[in-house]
Amino acid sequence: MWPSLLEVFGRLADRRRREGQLYPLPGLLAVVFLSLVSNVNTLRQMAKWSRAKRELSGRLGFRRGRMPGYSTIRDALVELDVRELEEALSSLMTAVGAEQLDGPGLRGLAMDGKTLRGSGGEEGPLRLLSAVVHGRKWVLAEEAIAPGASEQSVAPEMIAKLSLEGYVVTLDALHTNTQVAEAVTKRGAIISCA
């Protein structure tokens, strides 16, 4: 059984001032997560969605019938450590993936770099290296690739963060080097470069 959203988000440090902690951070982040999976995409829509779900208040650790508004949600998100959040969500998706895909055989995980269309700025477009579970399209991790750097520069760091036991990791041929191969096998996976 995988952890609850409150357990996952409870691992994050709450950097808000004491006065700004009327709503516990794990519950606030659960509101954001649940509204996003309900196809609610803006902070104002999240606040409206939140107020329509007052029956969830007690289960999220809020005072009975109280749900956060726009400013509360925005302020909590501004104070978040993005890396910490990514690691917590990655561990959740790894746990969910392990339970959903348990059975005979190995699971596949693809690591691939992509350039995000329309993201060009002074330093050029944003490039990301992603680790995605085959067949489920679950993104377990993503790392930004620095301008002028290659996927190879972030691959070992990303691999070190992942639990890869029971996975076959597929990578582009440019990753055929000792450093990447050792990083993958140390995490308990099999490597396949195409």
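This is a predicted model: local features need pLDDT of at least 70, side-chain atom pairs count only at pLDDT 80 or more; totals for chains, interfaces and linings use all residues.

Me: Which residues line the largest cavity?

Reply: The lining consists of Ala13, Asp14, Arg15, Arg16, Leu25, Ala76, Glu79 and Leu80.

Me: And what volume does the largest cavity have?

Reply: Its volume is about 30 Å³. A search of the whole structure finds 1 cavity of 30 Å³ or more.

Me: How does one look for such spaces in general?

Reply: Rolling a probe the size of a water molecule over the atoms shows where empty space is left.

Me: What about the largest pocket, then: what is its volume?

Reply: The largest pocket has a volume of about 430 Å³. Its lining is formed by 15 residues, and Glu86, Ser90, Leu140, Ala141 and Glu142 are the ones nearest its centre.

Me: Which elements give two or more residues to that lining?

Reply: They are helix 5 (82-100) and strand 3 (138-145). Helix 5 gives the most, with 8 residues.

Me: How do the lining residues of the largest pocket divide by class?

Reply: There are 6 nonpolar, 3 polar and 6 charged residues in that lining.

Me: Changing topic to the helices: at what angle do helix 2 and helix 4 cross?

Reply: The axes of helix 2 (residues 25-37) and helix 4 (residues 70-78) cross at roughly 105° and come within 10 Å. Helix 2 is therefore roughly perpendicular to helix 4.

Me: Which residues make the contact?

Reply: Helix 2 contributes Leu25, Leu28, Leu29, Val31 and Val32, while helix 4 contributes Thr72, Ile73, Ala76 and Leu77. By class, this contact has 8 nonpolar residues, 1 polar residue and no charged residues.

Me: Staying with helix 2, is serine 35 buried or exposed?

Reply: Serine 35, which is found in helix 2, has a relative accessible area of 0%, so this residue is buried. Not counting residues up to four places away in sequence, serine 35 touches Val40, Met46 and Trp49.

Me: Where is asparagine 39?

Reply: Asparagine 39 lies in the loop between helix 2 and helix 3 (43-52). Because its relative accessible area is 62%, asparagine 39 is exposed. Its phi is near 70°, a positive value in a residue other than glycine.

Me: What is proline 24 in contact with?

Reply: Leaving aside neighbours within four places in sequence, proline 24 is in contact with Arg16, Gly61 and Phe62. The C-alpha atoms of proline 24 and phenylalanine 62 are separated by 7.1 Å, although the two residues are 38 residues apart along the chain.

Me: One last topic: which residues of helix 6 are buried?

Reply: In helix 6 (residues 151-161), the buried residues are Glu151, Val154, Ala155, Pro156, Met158 and Ile159. These buried residues pack against strand 1 (107-115), strand 2 (127-133), strand 3 and helix 7 (178-186).

Conventions:
Residues are numbered from 1 along each chain as its sequence is written. Side-chain values use heavy atoms; hydrogens and water are left out. On a 1 Å grid over the protein atoms alone, a cavity is a set of points where a 1.4 Å probe fits but cannot get out, and a pocket is an open set with protein on both sides within 12 Å along at least five of seven lines; lining residues have an atom within 4 Å of a point. Grid points are joined across faces, edges and corners, and a volume is the space filled by probe spheres set on the points. Axes are lines fitted to C-alpha atoms, for helices over the stretch in contact, and angles run from 0 to 180 degrees between N-to-C directions. Helices (H or I, at least four residues) and strands (E, at least two) are DSSP runs, numbered from the N terminus. Angles under 35 degrees count as roughly parallel, over 145 as roughly antiparallel, 65 to 115 as roughly perpendicular and the rest as oblique. Contact means heavy atoms within 4.5 Å. Ala, Val, Leu, Ile, Met, Phe, Trp, Tyr, Cys and Pro count as nonpolar, Asp, Glu, Lys and Arg as charged, and the others, Gly among them, as polar. Buried means under 20% relative accessible area, exposed over 50%, partly exposed in between (1.4 Å probe, protein chains only).
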